[in-house]
Every structure is written in C-alpha cells, then in structure tokens.
Amino acid sequence: MINADPQELAKFGDLAHHWWDTESEFKPLHQINPLRLDWISSYCPLVGKQVLDVGCGGGILTDSMARRGAKALGIDLATKALKVAQLHAMEAGTEGVDYREIAVEALALERPASFDVVTCMEMLEHVPDPASVVQACADLVKPGGWVFLSTLNRNAKSFLQAIVGAEYVLKMLPAGTHEYARFLRPSELAQFCRNAGLDLQASRGLGYNPINQRYSLSVDTSVNYMLACRKSS
C-alpha cells in the first residue's frame, strides 16, 4: 500500500502547470517560501548539505534550497508536478537539484540515514497516514541531522481561516484544497516525532495579514505551523 490519496494526487496534478505562476493558486507557497527557507537555514546552513524535500510538488522549496548551496533531492508521487519541477530546474539552470517519483517510505528502505536535512512541508495534511511519513523522514535523516515539518493545526480558528477564509472568502486557494479532519494538532505531530526518534527543538507559526497581504513568522501556532526536530546522534 502506498501512503497516498489518489484524489489528492489528481488534484495537484491537474494544477501542475500553475506551480511556478506566482499569481496562481500557488501564490501563498511562493510568498511563504522565503520565510520557510530562512527558518530552516537558521538551524542548519544548507551549503554542502544533502537535503531531501518530501512531497516537493513543483519544487518551489527544493529549488530554493539547491540555490542556497545544498545538494537537493525532491520526491513526490504527483507525476505532472514532478515534470514541472524538472522543467523549471532546466529552464532556470538550477544546479544541485534532482527529482524522483517515489514514496518516502520506499526511499527510506533504499537510502536510510542518507540526508543531513529532510523537509516535509504542507504535505502531512494530504496523506492517509502522516505518522508513517514522519517515521520515514526520521529513518532518512543522518544521526544529528534535522527534520523540518509543516502542516495545519486542527481547531475552530484554523477551520475558519484556512478553509472558510482562504478557500471560500479570499479565494486564495481552490475550494476543497484542504480537508479539516486531516489537520494535525502540534501535540499530535510532536508525538509522531517522538515515536520516530526525533527530538523537537523548536516550533514556529506562520501568520497572514489580509490587509497588507503579507505572511510573517510568529509564535502563534494556532493555524499554520512548523516544527524543527533533530535526530539523536
């Protein structure tokens, strides 16, 4: 069994040609990418590092990590999105980046303890078994390496902002992008990390101001949030 939802893969596959359009449905990802990249780099400078981006989609974060000097591999099961990522890397001349269509659990069996940094951003809320993904990320990172995760909190505020607000009122995302039942509370994700042998080092929230249409990092993890974890040496 592959830990993926065919409907989710089809959904993002249908939007694949918009991945690098900064005014498309993926505009929020382009807007938050510099914040995520700087946050990751603050814990682990990326120059010369072996980096894996799980659920890379069209490669927005993968490409930017390679441009920071990492040897970056992006993996996903959405074929069309990967082709867009590969084409963009060719057109942009990005060095040190590669893409593969493979499940993270399969890669963990193939290349355990191979990466200095593993990222899994905005993916856990789209898979049937997020704990399995976290375990695979932990298996893939080297002892002493870093795992960075992001997802959406599950509470009334996140439902109103991430689904009602973002998808139906502001129309920042296509309706149906997210399924509330799949959102994860930070305590739940932290437990997945502990079970996988990862030590939680820090958490950070991502806030959005609809007036100036800007995102910022904050201590508020009630909607979008990120966790930084480290594997014991």
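Me: What makes β5 and β8 a pair, and in which sense do they run?
Reply: Two strands pair if DSSP finds at least two bridges between them. Strand β5 (residues 141-152) and strand β8 (residues 224-231) have 7 bridges and run antiparallel, so they pass that test. Leu149 sits opposite Leu227 of β8. As for the names, strands are DSSP runs of E, at least two residues, and helices are runs of H or I, at least four, numbered from the N terminus. Keep in mind that this is a predicted model, where local features need pLDDT of at least 70 and side-chain atom pairs count only at pLDDT 80 or more, while totals for chains, interfaces and linings use all residues. Residues are numbered from 1 along each chain as its sequence is written, and side-chain values use heavy atoms, with hydrogens and water left out.

Me: How do you know which strands are at the edges of the sheet?
Reply: The open sheet has 8 strands in the order β3-β2-β1-β4-β5-β8-β6-β7, with mixed pairing. β3 (97-101) and β7 (214-218) each pair on one side only, which makes them the edge strands.

Me: What joins β6 to β7?
Reply: They run antiparallel with 5 bridges between them, and Tyr208 stands opposite Tyr215 in β7. The two strands form a hairpin with 4 residues between them, and Gln213 in the turn has a positive phi of about 60°.

Me: Why is α2 called oblique to α3?
Reply: The two helices, α2 and α3 (residues 60-67), pack at about 45° with axes 10 Å apart. Angles under 35 degrees count as roughly parallel, over 145 as roughly antiparallel, 65 to 115 as roughly perpendicular and the rest as oblique. That angle therefore makes α2 oblique to α3. Axes here are lines fitted to C-alpha atoms, for helices over the stretch in contact, and angles run from 0 to 180 degrees between N-to-C directions.

Me: Which residues make that contact?
Reply: Contact means heavy atoms within 4.5 Å. The α2 side includes Leu29, His30 and Ile40, and the α3 side includes Ile60 and Met65.

Me: What makes Asp5 and Arg182 a salt bridge?
Reply: The definition asks for a side-chain nitrogen of Lys or Arg within 4 Å of a carboxyl oxygen of Asp or Glu. The closest N and O atoms of Asp5 and Arg182 are 3.0 Å apart, so the pair qualifies. These residues are 177 apart in the chain, with Asp5 in the segment before α1 (6-14) and Arg182 in the loop between α7 (156-169) and α8 (186-195). The whole structure has 10 salt bridges.
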